[in-house]
Amino acid sequence: MKRMGIFAALLVLLPAMVAGAQAPGRANAAEQTIDPNLGIRTVELWPGGAPGALGTAAADVPTLTAFTPRHGQGNGTAVIVAPGGSYRELAADLEGREVADWFAARGVTAFVLRYRLGAKYPYPIPMNDAMRAVRWVRFNAAKYGIDADRIGMMGFSAGGHLAAMVGTMGGPGDTAASDEINRVSSRPDFMILGYPWLNAMQPNDRGLITYCSVLAAIPRKDCPEFEKKYTPVDHVTKQTPPTFLYITSDDETVDVNASVAFYEAERAAGVVVEFHSFAHGSHGSGLGKGDPALDLWPTLLDAWMRGQGLLGVRR
């Protein structure tokens, strides 16, 4: 449904191209520097092998690729970006690198997440990877000049569903865990959802895609359980983090009503939420792709983040 760009190929090839060096004083933090002059580096979330991994190829290794603000201009905020791609692939250029650059230009440290997906890695594995990503960034906050309470999760399409699952299901760490990273919280401090596939697990009679129809190899017997466990609107509470959400009303790929329902659930729970529905626009538009209306949504996000104190200079 989405095409992989050059950066997506880099995300796939880098772990095989570069041997990770163990970072001193950090648990499970092998980093691979892509270009120190550009402030880009990649880290494996579990350098010793991810739980449940079924191989050692790039697709079996969840990673974060960090884009750091240049010249020490970081403001202490971080965002983990989950590209979409129907849980079959990752639109890591359109919904990853381009977005990360946008954040880095505003002083936000951005991390593009490569999570495991497809029928080979069904739920809850993508969610486990995303929760680990939040924990990893929070554990390493000081190293990246990040405030541990200013870490957001952003996602587009399937990545929006994933981000919403982490935002509604993330929780405190296990203080007794042997892995230090698992001792910190996996709940993000804010969420940004772009045309999210929030009803991915729910069947429908409108011909729209569903998780089980896209991943035909998923056993049918698992689908009702997935619907119950992994529909974000069912898990909204007052602890759900502040949210910025935008959709297009004529999206032909995902059901916009699911976003409306999520907004209403957050509002009813007392969650700080800002919701924008554009009259027209195609699915998979990233930062706007030149659409006269959709090109404006990043400006709305900028204003929302400033209002939340996420773009100001750290005190």
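Start by selecting Asp189 and Arg138: they form a salt bridge, with the closest N and O atoms 2.9 Å apart. (A salt bridge here is a side-chain nitrogen of Lys or Arg within 4 Å of a carboxyl oxygen of Asp or Glu.) Asp189 sits in the loop between α4 (158-169) and β7 (190-194), while Arg138 belongs to helix α3, so the pair ties together parts that are 51 residues apart in sequence. Helices (H or I, at least four residues) and strands (E, at least two) are DSSP runs, numbered from the N terminus. Buried means under 20% relative accessible area, exposed over 50%, and partly exposed in between (1.4 Å probe, protein chains only).

Some housekeeping before moving on: this is a predicted model, in which local features need pLDDT of at least 70 and side-chain atom pairs count only at pLDDT 80 or more, while totals for chains, interfaces and linings use all residues. Residues are numbered from 1 along each chain as its sequence is written, and side-chain values use heavy atoms, with hydrogens and water left out.

How many salt bridges does a search of the whole structure find? The count is twelve. Go to helix α7 (residues 256-269), where Glu264 and Arg267 lie three residues apart, about one turn of the helix. Their side chains meet in a salt bridge of 3.0 Å, N to O, and Glu264 is partly exposed at 35% relative accessible area.

Next, pick helix α8 (residues 297-307), which holds Arg306 and Asp302, four residues apart, about one turn of the helix. This salt bridge has its closest N and O atoms 2.6 Å apart, and Asp302 counts as buried at 14% relative accessibility.

**Into the core**

Now hide the surface and select Leu64, Ile80, Phe111 and Leu113. These are the residues with the most contacts inside the largest nonpolar core, which has 59 residues. (A nonpolar core is a set of buried Ala, Val, Leu, Ile, Met, Phe, Trp, Tyr and Cys residues joined through side-chain atoms within 4.5 Å.) Colour helix α3 (residues 125-139) as well: with eight residues, this helix gives the most to the core.

What is Leu64 in contact with, leaving aside its neighbours within four places in sequence? The list includes Arg41, Val43, Ile80, Phe111, Leu113, Ala133, Trp136 and Val137, with contact meaning heavy atoms within 4.5 Å. A second, separate core has 27 residues, among them Val99, Ala100, Leu287 and Leu311.

**Ring to ring**

Show the aromatic side chains: a search of the whole structure finds 20 aromatic pairs. Rings of Phe, Tyr and Trp (its six-membered ring) pair if their centres lie within 6.5 Å; planes under 30 degrees apart count as stacked, over 60 as edge-to-face and the rest as tilted. Zoom in on Phe111 and Trp136, an edge-to-face pair at 6.4 Å centre to centre with 70° between the planes. Phe111 is in strand β5 (residues 109-114) and Trp136 in helix α3, 25 residues apart, and the pair links these distant parts of the chain.

Hop over to Tyr195 and Tyr246, another edge-to-face pair: 5.9 Å centre to centre, 85° between the planes. Tyr195 lies in the loop between β7 and α5 (211-214) and Tyr246 in strand β8 (residues 243-248), so the pair ties together parts 51 residues apart in sequence.

For a group view, select Tyr87, Tyr115, Tyr123, Trp197, Tyr211, Phe226 and Tyr230, which ring pairs link into a cluster.

Pro124 is in the loop between β5 and α3.

Last stop is the loop between β4 (78-82) and α2 (93-104), the place of Ser86. Phi of Ser86 is near 60°, a positive value in a residue other than glycine. Tyr87 also has a positive phi of about 60° although it is not a glycine, and Tyr87 counts as buried at 0% relative accessibility.
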